[in-house]
Amino acid sequence: EATDNTEAEYLQPKESCEPFLRPNTVAFNTCINTWATCGRGRMAAVRTQELLSQMEAISESGELDLPDTDATDDIDSDESSFVDHSLRPNARSYSMVMKAWANVAKMERWSSEDAAEQCEDILNRMELRGASDVSVRPNLVAYVTTITAWSRTKAAHAPSRAEHILNRMIDLYYDGNDVELPSLEGDVEHAKHDAPFNAVITAYARSSDPNAAERAFAVLERLEVSPIAPTVFTYNAVMDVCAKHGDPERALQILEKMQALSVTPDSTSYDTILNAFARHDKSGSADRAWELLRQWEEERAAGDNDTFIPSQVGYSAVINGFAKVSGTEYGGMKTVKKAKEVYDRLIEQKKRGVIYGESDPVANSCFLNCCANIYGTRAERKEALILAIKAFEEMKRDPSLHGEPGQFTFGTMMKACSKLSADAAERNRLLESLFQQSCNRGLLSKSTLGQFLRHTPDEFSTKVILQMGGSKREIPPEWHRNVPGKHKPTPTERDR
């Protein structure tokens with residue numbers, strides 16, 4: 001790693017330098033890209049912007065204006081290659097700086113609006129310089145990066161700012177019937193010309209604006225009448241808006257529209273619809289999600305629907321829908337049994353090889369949460385606790401099918417045992433066992449420790465922790481070695 005001073009020394013123009021040793025656009029872009037991808041957040045973004053400003057200043061001053069020459073002049077070689085020794089920022093220079101600020105928007109949610117402002121400011125500079133220099137004209141990546149940065153902010157006006165940027169792109173590249181689409185050069189996932197529209201729709205999906213769904217559909221309609229064809233990613237984004245703004249039936253209509261337009265749905269399309277129904281507050285929505293999942297399974301088995309591929313995500317969404325319902329009415333055991341039916345179906349599909357890939361613990365955790373949420377008689381709570389314990393033990397016995405227990409698994413199981421145990425003795429015994437298991441696996445999270453301390457007597461919890469070699473003020477690092485930093489136990493939990 002070079003220090004800032006070393007980097008500056010190499011990039012500073014020197015009159016005494018040989019022409020081929022003077023920094024050019026490639027040299028600056030290499031440094032900018034290194035900073036943009038180093039993962040150092042705001043500090044890296046600021047450094048990339050400083051380098052870009054340095055490029056602009058040197059370019060405008062003409063200090064390093066040199067003719068393009070043959071790289072092998074005065075060199076004993078049989079081959080010759082043409083080298084551009086100019087130093088001026090190009091579209092890639094600006095896009096990489098924007099990418100660095102977009103990463104800040106992703107990492108620092110509390111200051112993401114500032115990062116989005118920085119991205120838009122760079123886009124403004126590109127459009128201004130691009131009017132006279134086509135090499136700096138904003139490309140697709142520039143617009144998508146700026147729109148995405150705005151979509152990651154919590155600002156109420158973020159979606160409208162994102163759509164305003166889309167409108168600027170349309171104004172720049174659409175001139176009546178003459179359409180000149182922006183360049184696809186750069187690094188952006190699913191880089192097609194619908195990407196800026198999709199990013200704006202995603203911004204509306206993340207918005208709390210009650211009119212967000214209508215605005216997203218308006219963006220879709222604009223795309224559908226344009227020369228650019230919507231893709232499966234576009235329709236998935238619109239369905240996500242419906243899911244997050246409480247309109248699952250409209251999401252289902254989008255799926256039907258895709259099929260009518262011969263746009264092939266993918267697993268995300270189906271999973272998004274299941275999630276839309278599962279998370280909806282209307283009575284019967286979780287049942288509707290389970291009904292759709294079974295319908296698509298049957299259609300696939302009969303050869304009538306070859307686009308539907310069952311996934312763990314879809315089953316987890318349905319189970320989570322029942323988990324929301326299980327605690328809303330007295331006598332929720334019937335809901336727990338429905339969730340168990342979905343979970344058993346998932347395991348059956350995995351055994352048959354219909355669902356493949358590495359198992360994750362999400363579905364199991366959703367089922368444990370469904371058991372924990374039950375609000376019923378003493379007998380029903382006992383039955384729910386037995387189902388939860390069986391599911392938890394099956395997971396430990398065969399993680400290849402059920403997924404490897406994680407920090408959330410232990411936290412959810414703690415919740416189930418603390419709420420469903422018949423008496424204090426049973427609760428203490430179960431929570432002690434879970435606490436010890438989570439420590440041995442290095443999965444003692446902030447939530448798990450907090451629940452153990454909250455639901456057991458101080459004398460009891462202190463004794464357990466001391467017997468294992470720790471204390472409430474000093475939790476051994478090996479107890480949380482497999483827990484991400486933000487979920488590790490904090491002094492608040494340790495000193496309770």
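1. **Ground rules.** Because the model is predicted, local features need pLDDT of at least 70 and side-chain atom pairs count only at pLDDT 80 or more, while totals for chains, interfaces and linings use all residues. Residues are numbered from 1 along each chain as its sequence is written, and side-chain values use heavy atoms, with hydrogens and water left out.

2. **The chain overall.** The protein chain holds 23 helices and 4 strands; these are DSSP runs numbered from the N terminus, with helices being H or I of at least four residues and strands E of at least two. Of its 496 residues, 49% are buried, where buried means under 20% relative accessible area, exposed over 50% and partly exposed in between, using a 1.4 Å probe and protein chains only. Among contacts in the protein chain with a separation of 6 or more, 70% are between residues 24 or more positions apart. A contact here means heavy atoms within 4.5 Å.

3. **Helix H14.** The buried set includes Gln 312, Tyr 315, Val 318, Ile 319 and Phe 322. These buried residues of H14 pack against H12, H13, H15 and H16. The length also checks out: at 1.5 Å a residue H14 should span 21 Å, and its end C-alpha atoms are 21 Å apart, which agrees. The expected span is 1.5 Å times one less than the number of residues.

4. **Helix H19.** H19 covers residues 407–420 and should span 20 Å at 1.5 Å a residue; its end C-alpha atoms are 20 Å apart, which agrees. With 11 of its 14 residues buried, H19 is largely enclosed by the rest of the structure. Among the buried residues of H19 are Phe 410, Met 413, Met 414, Cys 417 and Leu 420. The cover over them includes H16, H17 (378–397), H20 (424–440) and H21 (446–455).

5. **Aromatic pairs.** The whole structure has 7 aromatic pairs. Rings of Phe, Tyr and Trp (its six-membered ring) pair if their centres lie within 6.5 Å; planes under 30 degrees apart count as stacked, over 60 as edge-to-face and the rest as tilted. The rings of Tyr 270 and Phe 308 have centres 5.1 Å apart and planes at 70°, so this pair is edge-to-face. It joins distant parts of the chain, with Tyr 270 in H12 (residues 267–278) and Phe 308 in the loop between H13 (285–301) and H14 (312–326), 38 residues apart. Tyr 270 counts as buried at 1% relative accessibility, and Phe 308 counts as buried at 2%. Phe 435 and Trp 479 form another edge-to-face pair, 5.9 Å centre to centre with 90° between the planes. Phe 435 lies in H20 and Trp 479 in the loop between H22 (458–467) and H23 (491–494), so the pair ties together parts 44 residues apart in sequence. Phe 435 is buried at 0% relative accessibility, and Trp 479 is buried with a relative accessible area of 4%. Ring pairs also link Tyr 270, Trp 296 and Phe 308 into a cluster.

6. **The cavity.** Searching the whole structure gives 1 cavity of 30 Å³ or more. On a 1 Å grid over the protein atoms alone, a cavity is a set of points where a 1.4 Å probe fits but cannot get out, and lining residues have an atom within 4 Å of a point. Grid points are joined across faces, edges and corners, and the volume is the space filled by probe spheres set on the points. The largest cavity holds about 30 Å³. Its lining includes Gln 312, Tyr 343, Lys 350, Asp 360 and His 402. H15 (333–351), H16 (362–372) and H18 (399–402) each supply at least two lining residues, and the largest share, 4 residues, comes from H15. By class, the lining has 5 nonpolar, 3 polar and 2 charged residues; Ala, Val, Leu, Ile, Met, Phe, Trp, Tyr, Cys and Pro count as nonpolar, Asp, Glu, Lys and Arg as charged, and the others, Gly among them, as polar.

7. **Asn 29.** Asn 29 sits in H2 (residues 25–36) and counts as buried at 5% relative accessibility. Not counting residues up to four places away in sequence, Asn 29 touches Met 55, Asn 90, Arg 92, Ser 93 and Met 96.

Note on methods
On a 1 Å grid over the protein atoms alone, a cavity is a set of points where a 1.4 Å probe fits but cannot get out, and a pocket is an open set with protein on both sides within 12 Å along at least five of seven lines; lining residues have an atom within 4 Å of a point.
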